[in-house]
Amino acid sequence: MEIFYYVVFGGLAAVVAGLELGKSGKDRVATPTAFNAFKNNYVLVYSLMMSGDWLQGPYVYYLYSQYGFDKGDIGRLFIAGFGSSMLFGTIVGSLADRQGRKRACITYCITYILSCITKHSPQYRVLLLGRILGGVATSLLFSAFESWLVAEHNKRGYDPQWLSITFSKAIFLGNGLIAIIAGLFANLLADNLGFGPVAPFDAAACFLAIGMAIIMSSWSENYGDQSEGKDLMSQFKVAAKAIASDEKIALLGAIQSLFEGSMYTFVFLWTPALSPNDEDIPHGFIFATFMLSSMLGSSIASRLLARKMKVEGYMQIVFAVSAFTLFLPVATSLLVPTSSVKGSGISFGGSLQLLGFCTFESCVGIFWPSIMKMRSQYIPEEARSTIMNFFRIPLNLFVCVVLYNVNAFPITVMFGMCSIFLFMAAILQRRLMVVADLHKLSTKSQEMTAEDEPLNP
């Protein structure tokens, strides 16, 4: 493997270690023991849940190909997963608000374990069922856990500012360190120990079962709106009304869909972007480098949030930088000569793109705790899970369209489209900051008027 990869990985590792070890008093918030125990419990559960997800990632496509399915068959399986998340996401989100977020988190574990079990079958229909179950589980993973945390945090009377501490730590570990370890562990089970590509899915099921046991034994239940007569359709109407009547919520949903849609598209495109002529690149090592970059981003986010930096302000810069990094493949294709040698090492243009992609992954690391912070501020508690899954409808629809047409457009066109979407997200983020500031000024003015009224005859 070329020295370039080690230099990039080592440089990122040194920066992450320096940021974490060099935190000053301004970067740390003193919190009581009770909150620390609550935070650590959630971070442990979240890390186990994410390990169950990350263990599967490296070998899903490979397992399907080993069963003899071609690219088209595999593409349809992936579309089934995202389509399932789109169709059933709002339903399971609404049920989480009404029937309980703890129950929804347990349902996630059961559904994903069943999805892992289906991987033992080479039958296409069984694998299709597994993708549908996985889509439902994904909707719960990205809504029920966060909804439970926010509600439980507020119910226990903790400072709202402390939520950002839990978010940052969960993302730093669950979407960074755990992802790296899970990738290496999956490789150990499947290749080094010779257990085959199904082994990582069995390991994922074990981690999910452990996390479910912790949830069942240590979490209390909380709910959204449980008003009498509120059926599933009523929940949908409440969520739709909240999005339509509050510009802040609508903007937040659009921003999330634009960024995550670009992010998932990047997941499919980074391999052909770095090896357009079948260059020999270490996919696993590059994946680990991306996850290390994400850790760097979450470490930066924790500092920004600890210093009470305005999320709506710095996220404009993050989206603008993201737009630039995903425009790099377009720029390099126009400005940097491409290599005509098949199977050689990574080209100069590929090296530039790799550095840009690492920067993008750092932006992803900043995005997650920051969007969680904004969601906790703007989304109403009574329909939190439902609204969050409403946001995922355009996201999943976009990813399904991209998957279906992945061979129809040049890769530069796809990256250019993502860059435009991210630039749009930066503009909408600017609008969100303006609207939020106007809302705060209006609220303060109303409070001052209310205080002055008793003094007037």
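This is a predicted model: local features need pLDDT of at least 70, side-chain atom pairs count only at pLDDT 80 or more; totals for chains, interfaces and linings use all residues.

Reader: Where do helix 8 and helix 9 sit in the numbering?

Author: Helix 8 covers residues 163–192, and helix 9 covers residues 199–218. Their axes come within 8 Å.

Reader: Is the crossing of helix 8 and helix 9 left-handed or right-handed?

Author: Right-handed.

Reader: Which residues in helix 8 and helix 9 meet?

Author: Helix 8 brings Phe 185, Ala 186, Leu 189 and Ala 190. From helix 9 come Ala 199, Pro 200, Ala 203 and Phe 207. The residues of that contact are eight nonpolar, no polar and no charged.

Reader: OK, helix 2 next. How do helix 2 and helix 9 cross?

Author: Helix 2 is residues 33–54. Its axis comes within 8 Å of the helix 9 axis, and the two cross at roughly 155 degrees. Anything over 145 counts as roughly antiparallel, so helix 2 and helix 9 are roughly antiparallel to each other. The crossing is left-handed.

Reader: And which residues of helix 2 and helix 9 meet?

Author: On helix 2, Asn 41, Leu 44, Val 45, Leu 48, Met 49, Ser 51 and Gly 52. On helix 9, the list includes Ala 204, Phe 207, Leu 208, Ile 210 and Gly 211. Also on the helix 9 side are Met 212, Ile 214, Ile 215 and Ser 218.

Reader: What angle do helix 2 and helix 8 pack at?

Author: About 35 degrees, with their axes 9 Å apart. Helix 2 passes helix 8 in a right-handed crossing. Helix 2 contributes residues including Phe 35, Lys 39, Tyr 42 and Trp 54. Among those from helix 8 are Ile 165, Lys 169, Asn 175 and Ala 182.

Reader: How many residues in the contact of helix 2 with helix 8 are charged?

Author: Two charged, along with 13 nonpolar and five polar.

Reader: Switching topic. What does the domain assignment give?

Author: Domain 1 is 39–221, and domain 2 is 232–339 + 346–442. Their C-alpha centres lie 20 Å apart. The contact takes 40 residues from domain 1 and 42 residues from domain 2.

Reader: What area is buried between domain 1 and domain 2?

Author: About 3,600 Å². Carbon and sulfur atoms give 68% of that area.

Note on methods:
Residues are numbered from 1 along each chain as its sequence is written. Side-chain values use heavy atoms; hydrogens and water are left out. Axes are lines fitted to C-alpha atoms, for helices over the stretch in contact, and angles run from 0 to 180 degrees between N-to-C directions. Helices (H or I, at least four residues) and strands (E, at least two) are DSSP runs, numbered from the N terminus. A crossing is left-handed if the near helix is turned anticlockwise from the far one by less than a right angle, and right-handed if clockwise. Contact means heavy atoms within 4.5 Å. Ala, Val, Leu, Ile, Met, Phe, Trp, Tyr, Cys and Pro count as nonpolar, Asp, Glu, Lys and Arg as charged, and the others, Gly among them, as polar. Domain bounds come from an automatic or database domain assignment. Buried area is the accessible area (1.4 Å probe) that two parts lose on being put together, summed over both. Angles under 35 degrees count as roughly parallel, over 145 as roughly antiparallel, 65 to 115 as roughly perpendicular and the rest as oblique.
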